[in-house]
Amino acid sequence: MSTSALPPAPPPSLGVSYRVTAPRAATTPKVLRDLVAVLVVAFGHEDIVERLKLCVSEVVTNAYLHTRTSLITVDVSLSADSVTVWVNDDRPDWVPRVPGAAPPLEAEHGRGLFLVSRLADRWDVGVTGSGTKRFAFSIDYKGAA
């Protein structure tokens with residue numbers, strides 16, 4: 001899979017966008033989580049960094065665990081009132097569903113998307129039409145409308 005086949009992230013209404021592509025490796029969730037955290041801190045939004053790091057970790061970990069892709073691409077858009085993250089993978093046939101309730105304490109899997117659904121202000125997942133799937137979530141900055 002080449003990154004040129006991925007559709008571009010929607011542009012922010014105001015602000016900046018970044019794209020990071022990393023190999024599908026066990027260290028990639030941590031690396032991408034930390035890179036996205038550096039971006040929001042650089043733009044002065046420390047108030048959301050812990051929520052953001054957890055959401056990025058969960059979504060990138062899903063791409064690592066449940067796909068065959070050799071590269072994981074993350075788009076980050078910092079607008080005037082929120083940050084939106086898109087994680088692209090090559091499993092358009094597997095569209096995750098968030099459980100309606102928290103998984104049992106003894107469950108070994110199933111908490112990731114439940115956490116994202118609770119920590120992100122908005123999220124969505126869909127097939128892009130180019131043989132990829134895109135999971136997106138947004139977190140509003142403190143005090144944003």
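**Stop 1: helix α2**

Select residues 49-66, helix α2. This helix has 18 residues. From its first C-alpha to its last it reaches 26 Å, close to the 26 Å expected at 1.5 Å a residue. Keep in mind that you are looking at a predicted model.

Now colour the buried residues of α2: Val49, Leu52, Cys55, Val56, Ser57, Val59, Val60, Asn62 and Ala63. What do they pack against? Show α1 (28-42), β2, β3, α3 (112-119) and β5, and you have the answer.

**Stop 2: Cys55**

Stay in α2 and pick Cys55. Is Cys55 buried or exposed? Its relative accessible area is 1%, so it counts as buried, the cut-off being under 20%. Next, show what Cys55 touches beyond its neighbours up to four places away in sequence: Val116, Leu119, Ala120, Phe137 and Ile139.

Then draw a distance from Cys55 to Val85, C-alpha to C-alpha. The two are 30 residues apart in sequence and 9.2 Å apart in space.

**Stop 3: the partner helix α1**

Two packed helices are described by the angle between their axes and the distance between the axes. The axes of α1 and α2 come within 9 Å and cross at roughly 150°. Angles over 145 degrees count as roughly antiparallel, and α1 and α2 are therefore roughly antiparallel to each other. Their crossing is right-handed. Select the side chains that make the contact: among them are Leu32, Val36 and Val40 of α1, and Leu52, Val56 and Val60 of α2.

**Stop 4: the sheet**

In what order do the 5 strands lie? Read across the open sheet: β1-β2-β3-β5-β4, with antiparallel pairing. β1 (16-23) and β4 (122-127) stand at the edges. Each has a single partner strand, so one side of each is left without a neighbour in the sheet. Look along the sheet for its twist, which averages 15° from one strand to the next.

Bring α2 back. This helix packs on the sheet, touching β2, β3 and β5. The direction of α2 makes about 175° with that of β5.

**Stop 5: strand β3**

Select residues 82-89, strand β3. How many of its 8 residues are buried? The count is 8 of the 8, so β3 is largely enclosed by the rest of the structure.

Turn on the side chains. In a regular strand the side chains alternate between the two faces of the sheet. Here Ser82, Thr84, Trp86 and Asn88 point one way from β3. Val83, Val85, Val87 and Asp89 point the other way.

**Stop 6: the neighbours of β3**

Strands of a sheet pair through backbone hydrogen bonds, either parallel or antiparallel. Start with strand β2, residues 71-78. It runs antiparallel to β3, and 6 bridges join the two. They form a hairpin with 3 residues between them. Find Val74, whose bridge partner in β3 is Val87.

Finish with strand β5, residues 133-140. It pairs with β3 in the antiparallel sense over 8 bridges. Pick Trp86 and look across to Ala136, its bridge partner in β5. Then pick Thr84, whose bridge partner in β5 is Ser138.

How values were computed: Residues numbered from 1 in each chain as written. Predicted model: local features only at pLDDT ≥ 70, side-chain atom pairs only at ≥ 80, totals over all residues. Heavy atoms only, no water. Helix = DSSP H or I, 4+ residues; strand = E, 2+ residues; numbered from the N terminus. Buried < 20%, exposed > 50% of the residue type's maximum accessible area, 1.4 Å probe, protein only. Contact = heavy atoms within 4.5 Å. Pairing = 2+ DSSP bridges. Expected span 1.5 Å × (residues − 1). Axes fitted to C-alpha atoms, helices over the stretch in contact; angles between N-to-C directions. Parallel < 35°, antiparallel > 145°, perpendicular 65-115°, else oblique. Left-handed = near helix turned anticlockwise from the far one by under 90°.
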